[in-house]
Amino acid sequence: MLWRNPGGYVVQTDSKEKPVVSSVTFDRQLSIVFGPTEVAEHTNQGTFITKDQDVLGSLFTIFQNFEVNDIADPITVSGENYTDRVSQAGNVELIFSSSIPFGLYQDAFSFLPREYEDRTFNRVYISLNDPGVIYFYNTHSMLFYEAEISNIDTELLTTVLDESEDQKIEVESVPLKEHIIYLPVNSVELPVLNYLVEEQPNSLFIERLFDDTSEIQTVINENLSRYYDYFSELSIDNKKDILTYTRPHTGNDNLSLSTRTLNSFNKLIQYEHWPNELYFYGYSSVTNEVEFRRYIKGYPIFGTPDYGGTFITVSDNSVAGLEMPTVVAQTPISDQQTNKELYSMDELTAVLTKAGQSLNDVDDIKIGYTWNYSDESNRVVTLEPNWYIKVNGNWMSVQTLVSVSKGGAGDGF
């Protein structure tokens, strides 16, 4: 389906305006949602990362054609040791946003032992100098796997990497609490984006989440739309445009990780109408909740409220819990683009140190887009790039972290 942008759009300032409603469905590929979000090329000149979606797509298509013939028992490799191994010139590394179960990639294996299906990895790399071997690594568990592969087109891989020269950012490896990340050596300049907001109709979720709509009772006011029957409840915050659905668990909670994440993906494609990239972002073994996150221009969306995250809990093949935004940033509305310069690695580290935040206590660091509604119209959203820090399982912008550390002071932001 082709989406045609409306022409001649003028921002309205009437506070009573209604958001545009859309029910466009977007095709989601399992290999993309559970695929890498970055590719690192290690050279004699340093390490360079690209997040460009076209480049990622081309590279991942090449990697999808390989066949893993044998996989050895894992060994424990420290983060420092892994960094030394992967940073050798000629290595090409795929970086995932979360730990991916091997079972989701079992089609790439000539044979995958059953005990490997729920083991996970978040890094994959090969050497252009020795393309017959592939390596899997999990930066959290520090388990390192080596396997034999075939059907890697190294000539095409090299061509794609050479053509992506303009998309590359030089980075350095940085150890965190229980993770390894890459941070840019120099400051990064990204565009501030403006989009037309579209809202999905409540009926879309009602029809798909309730078995019998004739049994639904409704309570609607200015702040909340609430729908419930004898088994489940759906509520939509009309101010924040956040949906919450709960249903008592009626099935098997002892699902394997591979089955749970796959079932969650099958539900995701029924409800999430984000027109850009979506990626698997994690799983909680405590709540059995699977997280997916919206991306734009290669970067995740964060903010408060969280307009980037979709959280799904499945029981067998039914939805036991769902939390997600009901709005999407559908259509660019301005040709005028401003850019924002973000900290380099050294600048960011200095800011965190000044705020009293040690990298040894940080879970993760990413550049992400912050969702902010326009002051002129509730149909327009501004997406602003910012550094985000994950501490104790929660994402917050660097501005928020500095403000909290100083008791509310802005520290020049």
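The following legends describe an overall view and several close-up views of a predicted model.

**Figure 1. Overall view of the chain.** The chain contains 8 helices and 26 strands. Its C-alpha trace extends over about 65 × 50 × 45 Å along the principal axes. A compact globule of 413 residues would have a radius of gyration near 22 Å, and the value for the chain, 22 Å, agrees with this. Of the 413 residues, 50% are buried. The accessible surface amounts to about 19,600 Å², and carbon and sulfur atoms account for 44% of this area. When contacts between residues at least 6 apart in sequence are considered, 65% of them link residues at least 24 apart.

**Figure 2. Packing of helix α2 with helix α4.** Two packed helices are described by the angle between their axes and by the distance between those axes. Helix α2 comprises residues 53–64, and helix α4 comprises residues 154–163. The two helices pack at an angle of about 170°, and their axes are 10 Å apart. Because this angle is over 145 degrees, α2 is roughly antiparallel to α4. On the α2 side, the contact is formed by V55, S58, L59, I62 and F63. On the α4 side, L156, L157, V160 and L161 take part. Sorted by class, the residues of this contact are 8 nonpolar, 1 polar and no charged.

Figure 3. L56 is located in helix α2. Its relative accessibility is 5%, and L56 therefore counts as buried, since the cut-off for a buried residue is under 20%. Apart from residues up to four places away in sequence, L56 touches P36, T37, E38, V39, K51 and Y279. One of these contacts, P36, lies 20 residues from L56 along the chain, and the C-alpha atoms of the pair are separated by 7.6 Å.

Figure 4. V319 belongs to strand β21, which covers residues 318–325. With a relative accessibility of 7%, V319 also falls under the 20% cut-off and so counts as buried. If neighbours within four places in sequence are set aside, the residues in contact with V319 are L209, Y245, R247, K267, Y271 and T313. A further distance may be noted in this view: V319 and E291 are 28 residues apart along the chain, and 14 Å separates their C-alpha atoms.

Key. Residues are numbered from 1 along each chain as its sequence is written. This is a predicted model: local features need pLDDT of at least 70, side-chain atom pairs count only at pLDDT 80 or more; totals for chains, interfaces and linings use all residues. Side-chain values use heavy atoms; hydrogens and water are left out. Axes are lines fitted to C-alpha atoms, for helices over the stretch in contact, and angles run from 0 to 180 degrees between N-to-C directions. Helices (H or I, at least four residues) and strands (E, at least two) are DSSP runs, numbered from the N terminus. Angles under 35 degrees count as roughly parallel, over 145 as roughly antiparallel, 65 to 115 as roughly perpendicular and the rest as oblique. Contact means heavy atoms within 4.5 Å. Ala, Val, Leu, Ile, Met, Phe, Trp, Tyr, Cys and Pro count as nonpolar, Asp, Glu, Lys and Arg as charged, and the others, Gly among them, as polar. Buried means under 20% relative accessible area, exposed over 50%, partly exposed in between (1.4 Å probe, protein chains only). The radius of gyration is taken over C-alpha atoms; the globule rule is 2.2 Å times the number of residues to the power 0.38. Accessible areas come from the Shrake-Rupley method with a 1.4 Å probe; for residues, only the protein chains shown count as cover.
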